[in-house]
Amino acid sequence: MGAGIPGDLQYAALWLVRHTRKGPTRCPVHRLVAVRVRPGDGPGVTEGWDAERAAWVPYPKLLLLLSQAREPAASGGKEIGTGKLVDDSAAPGGSRPAARPGVEQDRQRETERQIRALLFQLRDRPTLLLADAGNLRQCWPGLRNGALDRDMLGFGAEPAQRHTLYGHDLRVLLVRDANARGEVAEWYAHDTEDGVGFAEGVWGTADTEGRVFASTASKPHTVAKLPKGLMKLVPTAQGRTAPGKTAWNPGQLEITVLGCLSEKALTDSGRAGDPPDRPAEWATLAHQLRYHDDYPPLARPLPLHLARLAGEYVLPVAGTK
C-alpha cells in the first residue's frame, strides 16, 4: 500500500450487537464484539476478545462462547441489557421497548469503557482500528458527524483527546454505507468519451490532506447482465422488452480516516521528526481489505466483516434464577 504502512500492523474491528425482546431468541442483549487480525502470525489467524476472561481467543472459540452466552433471567415485563432492568411497558405501539434514559447512559458508558480497555490491549504494536459509524454511534456518541474531529477521540462528556493517547501508533478508520437511510451518495461512472459503466477503486479529492474517501467495488459475478424486470432506459431496435443498459450499481462505502499520524498529531505527541501518514494510503488499505482470496468483494473490510458475522452467534437465552 505504500512505505507509510508498518510491516507489523495489526487490524482490530468493533461491532455492536443489539437485540430486543423482538429479536430471534426473545431475549434482549447488548454486546460489543471485537476481532483482531495479525497477518504476521500466519494466514487466516483471527482472534476475538473474550471479555469475561480478558483475553484474546481464536475466532472459532469466540463464536462458541458467543453462542453459549446466557443472559440473567428477566421477570415482570422487564428487559435485561447490561445488567440493568428496562421497563418495556411504555413501548410506543408495542413495536420497540422504551428504555429509561438512565439505562441508555449506563449502556453507553459500559460500551465506551470496553472500547478504552480494548485499545489498551492493542498498544503493543501499530494498530488499525475499524468501526462502522452507523453501528456504533448510538453507544459511542463521539462517532456522530457533529462530534468528529481530526486525530481526536471523544468518550462520554469529557473533551475529546488526541487519539495517540490511546495508542502510540494507532490509526482509526470509520466506514459508512447507505444504512437504509441514504447516508451515502449514489454514484455512476463515465469516461472522457461519455461512456457510462462501472468503476472500482478509491476516490477522493485533490486535497492531499482530505480524510473522506469513497470505496467502490466491482459488480458481483452473481448479478446477471440483464436482470429480470429491468427498467428500460433508452429505446432500442430490439423493442421495449429488450433493454440495452443495466440500472444496477454497486453500493458506495464511505471511508473516513478519523485518526492517523498527521504532522499535527506527530507534533502534539512529541514526534515532530517522524514522517507523517498519507490518509489516502490508509483509505486504500481499507479498500483492499474488501478483497479476500477468491471471494467477491466484501461489503466491508475483512476484519469488520468478521466482527459483524460473529454478531450472528450472539443468540442468548434467558437463564434461570
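**Reading the terms against the values**

Author: Asp50 stands opposite Ala55 in strand 4. Please bear in mind throughout that this is a predicted model.

Reader: What makes strand 3 and strand 4 a pair?

Author: Pairing requires at least two bridges between two strands. Strand 3 (residues 46-50) and strand 4 (residues 55-58) are joined by four bridges, so the two strands pair, and they run antiparallel. Their hairpin has four residues between the strands, and Ala54 there has a positive phi near 55°.

Reader: Why is Arg171 called buried?

Author: A residue is buried when its relative accessible area is under 20%. The value for Arg171 is 4%, and therefore Arg171 is called buried. Arg171 is found in strand 11 (residues 170-176). Leaving aside neighbours within four places in sequence, the residues in contact with Arg171 include Pro6, Leu128, Cys260, Asp277 and Trp282.

Reader: What makes the approach of the side chains of Arg171 and Asp277 a polar contact?

Author: The cut-off for such a pair of N or O atoms is 3.5 Å. The side chains of Arg171 and Asp277 are joined at 2.8 Å, which is within that cut-off, so the term polar contact applies.

Reader: How do you know that Glu110 and Arg113 form a salt bridge?

Author: A side-chain nitrogen of Lys or Arg must lie within 4 Å of a carboxyl oxygen of Asp or Glu. For Glu110 and Arg113 the N to O distance is 2.8 Å, so the pair qualifies. Both residues lie in helix 2 (residues 101-121), three residues apart, about one turn of the helix. In general, an α-helix has 3.6 residues a turn, so residues three or four places apart point the same way.

Reader: Is Glu183 buried or exposed, and what of Arg181?

Author: Glu183 has a relative accessible area of 18%, which is under 20%, so Glu183 is buried. Arg181 stands at 62%, which is over 50%, so Arg181 is exposed. Their closest N and O atoms are 3.7 Å apart, so Glu183 and Arg181 still form a salt bridge under the 4 Å limit. Both belong to a network of salt bridges that links Arg137, Arg176, Arg181, Glu183 and Glu254. A search of the whole structure finds 18 salt bridges.

Reader: Which residues of helix 6 are buried, and what do they pack against?

Author: The buried residues of helix 6 are Leu302, Pro303, Leu304, Leu306, Ala307 and Ala310. Among the elements they pack against are strand 1 (10-19), strand 2 (29-37) and helix 1 (59-68).

Terms used:
Residues are numbered from 1 along each chain as its sequence is written. This is a predicted model: local features need pLDDT of at least 70, side-chain atom pairs count only at pLDDT 80 or more; totals for chains, interfaces and linings use all residues. Side-chain values use heavy atoms; hydrogens and water are left out. Buried means under 20% relative accessible area, exposed over 50%, partly exposed in between (1.4 Å probe, protein chains only). A polar contact is a pair of N or O atoms within 3.5 Å; within protein, one must be able to donate a hydrogen and the other to accept it, and residues adjacent in sequence count only if both atoms are side-chain atoms. Contact means heavy atoms within 4.5 Å.
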